[in-house]
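Take a first walk through this structure. Keep the sequence and the model side by side as you read.

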Amino acid sequence: MEILVALFYLLSGFAILILGGEFLVKSAVSIAARLDVSPAVIGLTIIAAGTSAPELMTSILASLKGTNDIAVGNVVGSNIFNILAILGFAGLLKTNIVEKNMMKFDVPALILFSIIFLGFSYDNIIHRWEGILLLLAYIAFAYVAFKRSRLDELADEEIAILKNWPTD
């Protein structure tokens, strides 16, 4: 009986996760169209923040309980998983095209921020001031990403997709 209850919770959780993901994507595309920004920028900012919220809470709670290794491992492991497993699985399902703008700005930013994190963690401590700098770097990145990506820079085909995206 306990196994059936656990299985029910597992399947219910997956169903909620799928519905929530669908709602998040539709909402993000709608926001992109209303703010006149590229869906890629919404993915880099709003969706990234939304899907990382559970990781944020896990890391905060781990740090408050003194298990800092869990907080850092959560961040590093999540990034490795996102880059390798999620992009790999998405590539198995459908070919994904990387925009030139992303290769010029976003990928170098990812590499730069990874190097900064590596430098900050070299002494095995992430100090409060380093945390503040990392947060400020994210805010600056999000600001620049929004400024760089306006709908007038998108192809007509992308604009048509955004304007006609189903939001029901």
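Phenylalanine 113 is partly exposed, because its relative accessible area is 29%. Buried means under 20% relative accessible area, exposed means over 50%, and partly exposed lies in between (1.4 Å probe, protein chains only). Phenylalanine 141 has 10% relative accessibility, so it counts as buried.

This is a predicted model: local features need pLDDT of at least 70, side-chain atom pairs count only at pLDDT 80 or more, and totals for chains, interfaces and linings use all residues. Residues are numbered from 1 along each chain as its sequence is written, and side-chain values use heavy atoms, with hydrogens and water left out.

What does a search of the whole structure find in the way of aromatic pairs? There are four. Rings of Phe, Tyr and Trp (its six-membered ring) pair if their centres lie within 6.5 Å; planes under 30 degrees apart are stacked, over 60 edge-to-face, and the rest tilted. One of the pairs joins phenylalanine 113 and phenylalanine 141 edge-to-face, at 6.0 Å centre to centre and 85° between the planes. This pair links distant parts of the chain, 28 residues apart: phenylalanine 113 sits in helix H4 (residues 100-120) and phenylalanine 141 in helix H5 (residues 128-148). Phenylalanine 120 and tryptophan 129 also pair edge-to-face, with 5.7 Å between centres and 65° between planes. Phenylalanine 120 counts as buried, because its relative accessibility is 14%. Phe105, Phe113 and Phe141 form one aromatic cluster.

Now the whole chain. It has six helices and zero strands. Helices (H or I, at least four residues) and strands (E, at least two) are DSSP runs, numbered from the N terminus. Of its 168 residues, 16% count as buried. Contact means heavy atoms within 4.5 Å. Among contacts with a separation of 6 or more, 65% are between residues 24 or more positions apart.

Next, helix H3 (residues 68-93), where serine 78 lies. Is serine 78 buried or exposed? It counts as buried, because its relative accessibility is 11%. Leaving out residues up to four places away in sequence, serine 78 touches Glu55 and Gly73.

Finally, helix H1 (residues 2-35) holds leucine 11. Leucine 11 is exposed, because its relative accessible area is 52%.
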